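Reader: I'd like to learn how to read a few features off a model like this one. Could you walk me through it?

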Amino acid sequence: AGARGTAYLDDLNPAQREAAEALDGPLLMLAGAGTGKTKTLMARIANLVVSGRARPNEILAVTFTNKAAREMRERLARQPFQVLEPLRWMGTFHSISVKILRRHAELAGLKSNFTILDTDDQIRLMKQVINAANIDEKRWPARQLAGIIDGWKNRALTPSNVPSSEAAAFNNRGTELYAAYQDRLRSLNAADFGDLLLYVVEIFKAYPDLLTEYQQKFRYILVDEYQDTNVAQYLWLRLLAQGHRNICCVGDDDQSIYGWRGAEVGNILRFEKDFPGARVIRLEQNYRSTGHILAAASGIIAKNAGRLGKTLWTAGGLGEKVRLIGRWDGEEEARWIGEEAEALQRGSSVIANRRSNARSKTSIQESERLAKGGRVSQNAAGDIHVSNLMREQSLTPAGAGNIPIPRGFGLDEMAILVRGSSQMRAFEDRFLTIGLPYRVVGGPRFYERAEIRDAMAYFRLAVSPTDDLAFERIVNTPKRGLGDKAQQVIQMTARADETSLLEGARYAVASGKLGGKGAAELRRFVENVDRWHKAIAAASPATARNPADDDDELIELDEASVPSAHDHAHVRLAEEILEESGYIAMWQNDKTPEAAGRLENLKELVKALEQFENLQGFLEHVALISENSSEEESEKITIMTLHAAKGLEFPVVFLPGWEDGLFPSQRSMDESGQKGLEEERRLAYVGITRAEELCTISFAGNRQVYGRWQSQMPSRFIDELPEADVEVLTPPGLYGGGYGAAAGFGGNAGGSSVEARATKADVYNSPGWRRLQDRAGNRPVSQPRESRHTVIDLDAVSAFDVGDRVFHQKFGYGHVQEIEGDKLAVAFDKAGTKKIVAGFVVAAAD
Ligand code: ATP
Ligand code: MG
């Protein structure tokens with residue numbers, strides 16, 4: 001064994017090493033974030049192979065996402081030894097199950113080439129089953145049934161063993177429909193996601209010899225993120241592990257964030273019962289995050305009841321405090337984060353001249369004390385308090401080895417972790433505008449999403465009715481009863497007349513070439529496009545010129561088309577287009593789980609329009625940015641959801657949108673009991689603990705929700721952050737007095753670039769914040785949040801100061817000379833002085 005060395009064990013601490021070397025028998029590694037659970041799991045696999053205990057294909061390693069499996073493979077490839085054979089059985093529960101199921105599909109009544117249904121197909125099939133059973137799909141929607149059946153599958157319940165206590169589900173017909181749905185699937189030679197695991201469990205139960213075969217095969221089983229396994233996954237594991245009993249699970253009860261998908265954190269607690277004699281190893285040293293970050297995360301999670309409880313400490317020094325910043329609205333938040341990301345690249349911060357906090361190595365004892373700062377106590381009234389040890393003790397840094405922070409960070413080292421994917425749009429827009437390369441993990445970029453492309457096609461067609469590509473995309477979306485045949489007729493008619501598809505369609509209907517229901521719908525569609533186009537033409541007089549051609553007229557032109565809060569005709573028109581076309585209704589009637597997200601995205605799209613003078617300008621903007629974004633840049637800032645970020649780490653983490661109703665989600669707040677809220681809190685813990693060196697939490701005072709401005713309350717989780725670990729940021733000079741003050745954070749912001757530090761209390765007590773609250777309905781911040789839906793009028797305020805350096809797409813760089821409402825007089829370096837709407841320039845570095 002020693003021949004190839006054991007370097008992979010050498011950089012483990014004693015507890016980790018113990019876990020990596022205790023190869024035989026059941027083992028549970030229970031430890032907080034960043035303690036090296038995944039690292040240790042990898043070392044264990046390396047150890048298994050190098051020591052000759054197991055060949056790579058005798059190791060079953062389960063990860064939570066395919067991305068995690070990929071990362072595990074990469075990590076293994078980096079090990080200073082070589083696994084010569086590939087680890088064939090490393091992947092998610094689903095990917096491993098598919099592999100097993102393909103080999104034995106006939107035992108589940110399938111052929112080995114069975115198809116796996118996605119959610120859309122799943123819902124469609126359920127609709128058929130519901131209709132076939134003569135049930136009114138309107139009253140009993142397919143999505144609801146899908147939820148029920150998925151829930152059963154997550155609990156490994158087949159139609160025949162759903163407990164009788166649940167027989168009332170779905171109007172007493174749940175189990176019957178479940179059985180019918182399974183029959184339909186089988187007759188289609190198909191399985192849905194939940195089936196994959198369930199079938200494997202069923203086959204193993206029904207064919208003990210086969211189970212024995214697999215039990216023998218998998219000599220060692222390893223499971224990462226064990227806290228998020230559901231019952232079916234748990235049974236799956238237990239069946240396979242009963243053979244050699246060499247099962248190693250690692251998890252953190254505080255990071256269980258998939259309860260809504262049936263995960264049962266109780267599986268961790270059951271481990272020792274299921275595998276008597278199991279070894280439990282706890283890891284306590286966090287290697288990922290610096291002290292303040294860790295203490296902040298610990299402080300928040302301490303508010304959850306019924307935790308297993310863990311100690312965490314770091315030898316990494318205190319580092320930077322968790323930074324907290326409030327902005328006026330979501331766009332401003334995105335603007336600030338973009339600027340800060342750019343500043344961090346240069347090794348500075350938008351918070352100019354801030355004292356470069358020295359990263360310092362504190363002693364281990366100090367760090368241990370630090371970790372305890374997050375401990376909780378509970379008083380007789382049941383209130384939970386985080387002890388303030390942190391503040392009382394003096395954490396004097398040991399002088400040696402100080403590294404100034406912020407250092408320069410690469411974009412690859414930064415991530416923005418959002419609660420919901422509709423938050424992503426503001427960042428994408430902003431980053432596209434300033435040319436900051438980004439990647440969206442776990443989904444297409446905003447403007448590449450299907451629903452956005454559809455909507456854009458509607459806008460394009462309305463602006464230019466000859467846009468045939470746009471026509472093709474949406475003529476039958478939503479369905480207008482136009483099959484391939486009808487579309488051919490339209491194409492041929494247009495070609496014969498050498499005209500656009502829209503004209504072809506008009507003629508095909510008028511001449512009777514097309515008949516039936518499709519023809520009537522098509523006529524309506526053509527009429528709609530005509531009307532929209534007229535509305536657009538009316539709004540932009542034919543005399544409108546390209547401003548760049550005619551500098552003298554620039555000011556008048558700009559003023560004539562200045563978008564103001566009261567003049568958003570094109571925004572209203574866009575909404576009308578989406579409504580009248582039936583496109584919104586199409587998603588509203590869609591019962592798939594994705595539909596709600598798509599509607600959110602469409603609302604985001606309409607919101608984005610407000611930044612522009614008209615639809616044409618917007619379409620141009622999107623066309624431009626799509627072009628720009630195609631070039632491959634190596635370094636990118638990552639945008640992803642908190643859920644997708646589990647297990648990952650980044651030196652710099654931004655956590656935007658910490659507002660009640662967004663994070664924690666409205667649903668979790670409305671729920672009775674603490675369950676939902678506690679899961680959100682674990683999500684907060686996951687978010688903060690992704691950060692290694694710099695963690696910035698932000699919130700906006702206003703957000704547009706369902707098209708209306710709504711004043712937002714900072715997240716209750718912000719109140720739960722231990723104050724000693726938080727620094728409230730006030731960006732100096734970024735927004736002139738009025739603006740900053742209105743947002744509540746201008747208390748000590750002048751135009752100067754003096755480092756501004758304030759406590760949360762300072763913020764809440766600042767005149768600006770008060771004023772905001774007054775306007776929002778005259779209530780102090782700490783009061784119940786019933787008046788959240790107050791609409792606040794936005795003043796036209798400038799985001800710039802005289803003297804600011806700015807950049808305009810057409811005119812290049814310049815300095816702000818004068819500010820007048822939301823218009824700026826800018827002295828451009830090349831193009832001379834021009835009056836510009838503030839929304840059309842971005843701040844630039846001097
Ligand atoms: P999470 O709960 O977030 O999944 P984890 O417990 O799996 O975290 P890892 O991702 O394995 O933690 O490790 C966190 C970081 O700490 C990684 O960068 C890892 O390389 C580093 N690390 C872990 N153990 C050690 C060690 N003994 N020495 C140095 N670095 C370590
Ligand atoms: Mg991990």
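Predicted model: local features only at pLDDT ≥ 70, side-chain atom pairs only at ≥ 80, totals over all residues.

Reader: What is the phi of Ala156 near?

Author: Phi of Ala156 is near 60 degrees, and that is a positive value in a residue other than glycine.

Reader: Is Ala156 buried or exposed?

Author: The way to read this is to count C-beta neighbours: a residue with 20 or more within 10 Å is buried. Ala156 has 20 C-beta neighbours inside 10 Å, so it counts as buried.

Reader: Which helix holds Phe170, and what is the phi there?

Author: Phe170 is found in helix H8. Its phi is near 50 degrees, again a positive value in a residue other than glycine. Phe170 counts as buried too, because it has 21 C-beta neighbours inside 10 Å.

Reader: On to peptide bonds. Which residues does a cis bond join, with omega about 0 degrees?

Author: That one joins Thr477 and Pro478. Pro478 sits in the loop between helix H20 (468-474) and helix H21 (484-497). Another cis peptide bond joins Phe663 and Pro664, with omega about 5 degrees. For Pro664, look in the loop between strand E17 (650-655) and helix H29 (666-670).

Reader: Now helices. How does the span of helix H10 follow from its 14 residues?

Author: A general idea before the case: an α-helix has 3.6 residues a turn, so residues three or four places apart point the same way. For the span, you use 1.5 Å times one less than the number of residues. Helix H10 (residues 193-206) has 14 residues, so it should span 20 Å; the end C-alpha atoms are 21 Å apart, which agrees.

Reader: How many of the residues of H10 are buried?

Author: 10 of its 14 residues, so to speak "mostly covered". Among them are Gly194, Asp195, Tyr199 and Phe204.

Reader: What covers the buried residues of H10?

Author: The cover includes helix H5 (93-103), H7, strand E5 (190-191), helix H11 (208-217) and helix H12 (231-241).

Reader: Let's do a sheet. In what order do the five strands of the open sheet run?

Author: In general, strands of a sheet pair through backbone hydrogen bonds, either parallel or antiparallel. Here the order is E25-E24-E23-E22-E26, and the pairing is antiparallel. Strand E25 (832-837) and strand E26 (841-843) are the edge strands, each pairing on one side only. On average, neighbouring strands of this sheet are turned by 40 degrees against each other, direction ignored.

Reader: How many bridges link strand E23 and strand E24?

Author: Six bridges, in the antiparallel sense, between strand E23 (residues 812-820) and strand E24 (residues 823-828). A hairpin of three residues joins E24 to E25.

Reader: Last one, the ligand. Which residues come nearest to ligand 1?

Author: Gly36, Lys37, Thr38, Lys39 and Tyr287, of the 19 residues around ligand 1. Helix H3 (residues 37-50) gives the most to that shell, with three residues. By type, the shell divides into four nonpolar, nine polar and six charged residues.

Terms used:
Residues numbered from 1 in each chain as written. Chains lettered and ligands numbered in written order. Pairing = 2+ DSSP bridges. Helix = DSSP H or I, 4+ residues; strand = E, 2+ residues; numbered from the N terminus. Axes fitted to C-alpha atoms, helices over the stretch in contact; angles between N-to-C directions. Near = placed C-beta within 6 Å. Nonpolar A, V, L, I, M, F, W, Y, C, P; charged D, E, K, R; others polar. Buried ≥ 20, exposed ≤ 12 C-beta atoms within 10 Å, placed from the backbone. Contact = placed C-beta atoms within 7 Å.
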